[in-house]
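Subject: Structure handover and findings

Hello,

Please find the structure below.

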Amino acid sequence: PQRSLSASVLQGFQCIPASDLPAADILAFAQGLQNKTAELSSAQLSCLARLLTAKNLTADFGRYPPDLLLFFDSAEVHGGTCGAFYARASRGNLDLLPRGSARRTELLRGALACLGVRSSRLRPEQLGSLGALVCDMEAETIAASDPSVLENLKLCSVLTGAQRDAVNAVLLGGGTVYGDPSSWDLQTLQNLGPLVLALNQTTLSLVAKAVREAFSRSIVAAYGSQGRSQREKSLTLLRAFAATSASSHPRLKRSADRCLSEPITASTVSDPLLLISYGTTEQFDLCLSNEVLKANLEPLLLQPLTIEYLQVMKKKLEQIYPSGIPEEQLKRLGPLSRQYTVEEISQWMVTSSDTLSALLNPSDGKWEAPQVQQLLSRYLALGGTLTGPLLRKIGGRNLCNLQEEQINQVSPEAIRTAGQLNISSCSQTKKDQLYRKAQEAFAGQAGITRTYYCQIWPYLGGAPVKDLKDLAKAGIAIDMDIDTFLALNPDELQKLSVTDVKNLLGENLPYLKEAENKTSVMLWVKKQSQRELDCTLGIGLQGGTEEPGPTGTATPPHPTASASITPTATVPAPTTLPTVPTPIAISSHPTTNSSTVPPEAPTPGAISPTPPNSTPPSLLLSTPTPPLPAPSHPLLSHAGPPPPPALLLTQLSPPATPA
């Protein structure tokens, strides 16, 4: 029976066969996304774009939400409609694509070619079409462009240091709608929106003191209703404004070692303007008694406290609890807990899962890896056990940081209830450990089914070759994504036959050609018969062993097909969007690593090589297309190479990603 593509179907499923979905349902769902508040993950959007291509539904891009257009192949956009395409796509959430990724770079490259950009100065009409794509521009381009570029930069979630410098240069250079910083008022700062985060001390020092203080008060007043991300930005702003005030005014004389305001009491700890009333850490320290802090720790921690204020509170807690903080109080530390050192955490009494769960609350800020490793070690040393919900909060990366003997303490039941964990950073030994536990956790499945595969795949990096061969011979469509394949134990991968690999990858087999220069693939190819690679795979892999001919000479290799093979199955011809004019010359830039970007989003199969004898994509949430070679451009911002694409999970509200 055909299955309706709806949010209720998507929610909670890892795999949905595309062949079950009528074209009309896919179209209605894609168009209906514009009216829905639920957000799809990068994996879901990519796979939806692939489905639209498979069903010949890509031409009318104006009916789809901008986020979805980010996953269309910009190299195929028609010259006559490219302006409309990029103007619409640029309104999407660019953070769905990792900064520096091939897909994101290709979007900007295509847009520049479409708009005929030939210089580093962008005109207002060009900026209007580029939208958030300007977020990847070089700082030099930002500084040289029309001052209206600032409106584009408001769409950026993060600016590089060089881009922030360029923002200040544009503001100080005059010609903007904001005027000279010395003339700014509260409304001007509010109109700058997120660009306020980019202001440096030089620019801020030109803003009148009364205006800075009024803006700080507005930040503090709104802090209580903000989410975690916005609170972090508010604290950044408060620190910046406080630093400007401190540099332009002498500190209080040390002789004023007394509270110059009213002492902080239980009735004032929730005052939204508390930090304005006690504007220095010295006064906060002098006006806050240990008794009031002990009785009102939690409401005080709801205040927008900078690190300096948190350090004052930490010092007072040391005075209150000289023998160590009681466990009941540890649960209430919130963001203050992140101020403790590894050595101090090693002394905590973390004996209950409730305490550990409270300390791991992500809304209280990010732990450093050594801190959370010590926290988990202390919990386990005191007899604690890691449950599924705790593993979800801990995340795969922190799990990988545990010792092997500590991972041995994790039960299969905890793995079963933990959801999908990203264990790619684990050592091979730890991957092996976790695979065995996952295998036991999901052993209840009757034989190898698609459901079993969707549960076990995050742990396949620890699978022995026997289990991989069992998957290959299971008689079901595995369609393993290429990133999972490349993450297999390299030693075990070498033991797979050509037929094993073909059965494991399924419709994703052509992507093996794109990964032919990976070490594990090169080594595997060298062990295979070239004739078998040609006849069984037919994707153009070279480097296999040649069979001797009748006279002892090597038999010429079988003619190979390219990676773009015309399917023999009857599939609708995809409607593609013909190419834009030839882009301007591209120059090469060195790249720097970036560890802060999300995993690279997959590329839709709209333009990807179509596997031989294929049917439309078999999974709504399936394999990402390997990233395209990232082109460079004189106007593109330096960015590091993207990390491997994330393993694909599906979960709406919020979308699931490996922890």
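Predicted model: local features only at pLDDT ≥ 70, side-chain atom pairs only at ≥ 80, totals over all residues.

Residues are numbered from 1 along each chain as its sequence is written, and side-chain values use heavy atoms, with hydrogens and water left out.

**Overall**

The protein has 35 helices and 0 strands. Both are DSSP runs numbered from the N terminus: helices are H or I with at least four residues, strands are E with at least two. Of the 659 residues, 49% are buried. Buried means under 20% relative accessible area, exposed means over 50%, and partly exposed is in between (1.4 Å probe, protein chains only). Contact means heavy atoms within 4.5 Å. Among contacts with a separation of 6 or more, 70% are between residues 24 or more positions apart.

**Disulfides**

The structure holds 4 disulfides. The term means a pair of cysteine sulfur atoms within 2.5 Å. Here are notes on some of them.

Cys-82 is joined to Cys-114, S to S 1.9 Å. Cys-82 sits in helix H5 and Cys-114 in helix H6, so this pair ties together parts that are 32 residues apart in sequence. The torsion about the S-S bond of Cys-82 and Cys-114 is about 85°, so the disulfide is right-handed. Both Cys-82 and Cys-114 are buried.

Cys-259 is joined to Cys-287, S to S 1.9 Å. This pair also links distant parts of the chain. Cys-259 is in the loop between H14 and H15, and Cys-287 is in helix H16 (residues 281–287), 28 residues apart. The link of Cys-259 and Cys-287 is right-handed, with 100° about the S-S bond. Cys-259 and Cys-287 are buried.

Cys-400 and Cys-426 form a disulfide with their sulfur atoms 1.8 Å apart. Cys-400 is in helix H24 (residues 388–400). Cys-426 is in the loop between helix H26 (412–417) and helix H27 (428–441), and the two cysteines are 26 residues apart. The torsion about the S-S bond of Cys-400 and Cys-426 is about -90°, so this disulfide is left-handed. Cys-400 is buried at a relative accessible area of 5%. Cys-426 counts as buried at 7% relative accessibility.

Which residues of helix H5 (residues 82–89) are buried? They are Cys-82, Phe-85, Tyr-86, Arg-88 and Ala-89. They cover an arc of only 160° around the axis, which puts them on the same side of H5. The arc is that of the directions from the helix axis to the C-beta atoms. An α-helix has 3.6 residues a turn, so residues three or four places apart point the same way. The buried residues of H5 pack against helix H4 (66–69), helix H6 (102–115) and helix H7 (124–130).

H5 and H6 pack at an angle of about 140°, with their axes 10 Å apart. Axes are lines fitted to C-alpha atoms, for helices over the stretch in contact, and angles run from 0 to 180 degrees between N-to-C directions. H5 and H6 are therefore oblique to each other. Angles under 35 degrees count as roughly parallel, over 145 as roughly antiparallel, 65 to 115 as roughly perpendicular, and the rest as oblique. The H5 and H6 crossing is left-handed. That means the near helix is turned anticlockwise from the far one by less than a right angle; clockwise would be right-handed. Cys-82, Gly-83 and Tyr-86 of H5 make the contact with Leu-107, Gly-110, Ala-111 and Cys-114 of H6.

**Helices H29 and H32**

The axes of helix H29 (residues 465–472) and helix H32 (residues 498–505) come within 8 Å and cross at roughly 60°. H29 and H32 are therefore oblique to each other. H29 passes H32 in a left-handed crossing. Leu-468, Lys-469, Leu-471 and Ala-472 of H29 meet Asp-500, Asn-503 and Leu-504 of H32.

**Two single residues**

Asn-168 lies in helix H10 (residues 161–172). Asn-168 counts as buried, at 2% relative accessibility. Leaving aside neighbours within four places in sequence, Asn-168 is in contact with Ala-198, Leu-199, Asn-200 and Thr-203.

Pro-272 is in the loop between helix H14 (228–248) and helix H15 (274–277). Pro-272 counts as partly exposed, at 42% relative accessibility. Not counting residues up to four places away in sequence, Pro-272 touches Val-220, Ala-221 and Gln-303.

Best wishes
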